[in-house]
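Please read it with the structure open beside you.

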Amino acid sequence: MQKLENNINSLIKENYDNIDKSSKILFLGSKYQQNAIFLSKNGLHVEVLDSKDTSLMRLQKEAQKEDTAITIRHTLLEHWEPAHEYGAIISFFTDIPKIFCKDIFKKIVFSLKDDGVFIAEFFSKKNQEDTNGYEIDELYKIFKQLPCKIYKLSLEITTTKKEKKEFEVSVIKLVLKKV
């Protein structure tokens, strides 16, 4: 378990106590599989929604290796229809098509239970190679119109590796709670 804990996203670590452990947890996208496996191994009911069945199958195999169960859902995010309410929805760098983002963010907030949390990281528009990035003001304007309280909305520079090269990227971190 220690190996898994070292790879857990800092937003999950920081907000773990705010997640209702008796509720279902939904991950949008199967990136960063270790986060879903970590929560599942800690007794939470985890669902993962992704449009790539190969990613979902890889996640399922990893969960089986870790002797835990994760429910997988194969669908495009813009076609997602929540079947129930969630205690938390988590999304790390999920490709949310700009044309659908307002509707998807609204759907996310309304599918949270009262006091449910949305934990997310997005690429910022400040990354030259990422045309699908967001601006902080853009996200703030969307979420301020919804029944939620924003606890964190920050732009951070982080170092990442890609193909053995290190480089800096601008990341927007978001934590909100449905009210």
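Predicted model: local features only at pLDDT ≥ 70, side-chain atom pairs only at ≥ 80, totals over all residues.

1. Start with the strand order. Seven strands form an open sheet, ordered E3-E2-E1-E4-E5-E7-E6. The pairing is mixed. Strand E3 (71–74) and E6 are the edge strands. Each has a single partner strand, so one side of each lacks a neighbour in the sheet. From one strand to the next, the twist averages 15°.

2. **Helix H4 on the sheet.** Helix H4, residues 53–65, packs on the sheet. Its contacts there include strand E2 (45–50) and E3. The direction of H4 makes about 175° with that of E3.

3. **The E6–E7 pair.** How do E6 and E7 run, and how many bridges join them? They run antiparallel, and 14 bridges join them. The two strands form a hairpin, with two residues between them. Glu163 sits in the turn and has a positive phi of about 50°. Ile150 stands opposite Leu176 in E7. Ile157 has Ser170 in E7 as its bridge partner.

4. **Helix H5.** Which residues of H5 are buried? In this helix, residues 101–110, they are Cys101, Ile104, Phe105, Ile108 and Val109. These residues lie on the same side of H5, because they cover an arc of only 135° around the axis. The spacing fits a general rule. An α-helix has 3.6 residues a turn, so residues three or four places apart point the same way. Lys102 and Asp103 are exposed, on the face of H5 turned away from its buried side.

5. **What covers H5.** Several elements cover the buried residues of H5. Among the strands are E1 (24–28), E4 (86–92) and E5 (112–123). Strand E6 (148–162) and strand E7 (165–178) also take part. Helix H6 (136–143) is included in the cover too.

6. **Helix H3.** H3 spans residues 33–41 and is mostly covered. Seven of its nine residues are buried. They are Gln33, Asn35, Ala36, Ile37, Phe38, Leu39 and Ser40. Gly43 follows H3, and its phi is positive, near 90°.

7. **Tyr140.** Look next at helix H6, where Tyr140 is found. Is Tyr140 buried, partly exposed or exposed? Its relative accessible area is 42%, so Tyr140 counts as partly exposed. Leaving out residues up to four places away in sequence, Tyr140 touches Ile150 and Leu153. Tyr140 and Glu78 are 62 residues apart along the chain. Their C-alpha atoms are separated by 21 Å.

8. **Thr71.** This residue is found in strand E3. Thr71 has 25% relative accessibility, so Thr71 counts as partly exposed. Residues up to four places away in sequence aside, Thr71 touches His45, Val46, Glu47 and Val48. Thr71 and Ile108 are 37 residues apart along the chain, and 18 Å separates their C-alpha atoms.

9. **The largest pocket.** How much space lies in the largest pocket? The figure is about 530 Å³. There are 21 residues in its lining. Of these, Tyr32, Phe93, Phe123, Thr160 and Val169 are the closest to the centre of the pocket. H3, E5, E6 and E7 each supply at least two residues of the lining.

10. **The cavity.** The structure holds one cavity of 30 Å³ or more. About 30 Å³ of space lies in the largest cavity. Which residues line the largest cavity? They are Phe27, Leu28, Gly29, Lys31, Ile90, Ser91 and Phe92. E1 and E4 each supply at least two residues of this lining. E4 gives the most, with three residues.

Technical notes:
Residues numbered from 1 in each chain as written. Heavy atoms only, no water. Buried < 20%, exposed > 50% of the residue type's maximum accessible area, 1.4 Å probe, protein only. Helix = DSSP H or I, 4+ residues; strand = E, 2+ residues; numbered from the N terminus. Arc of directions from axis to C-beta. Contact = heavy atoms within 4.5 Å. Pairing = 2+ DSSP bridges. Axes fitted to C-alpha atoms, helices over the stretch in contact; angles between N-to-C directions. 1 Å grid on protein atoms, 1.4 Å probe; cavity = no way out; pocket = protein on both sides within 12 Å on 5 of 7 lines; lining within 4 Å. Points joined across faces, edges and corners; volume = space filled by probe spheres on them.
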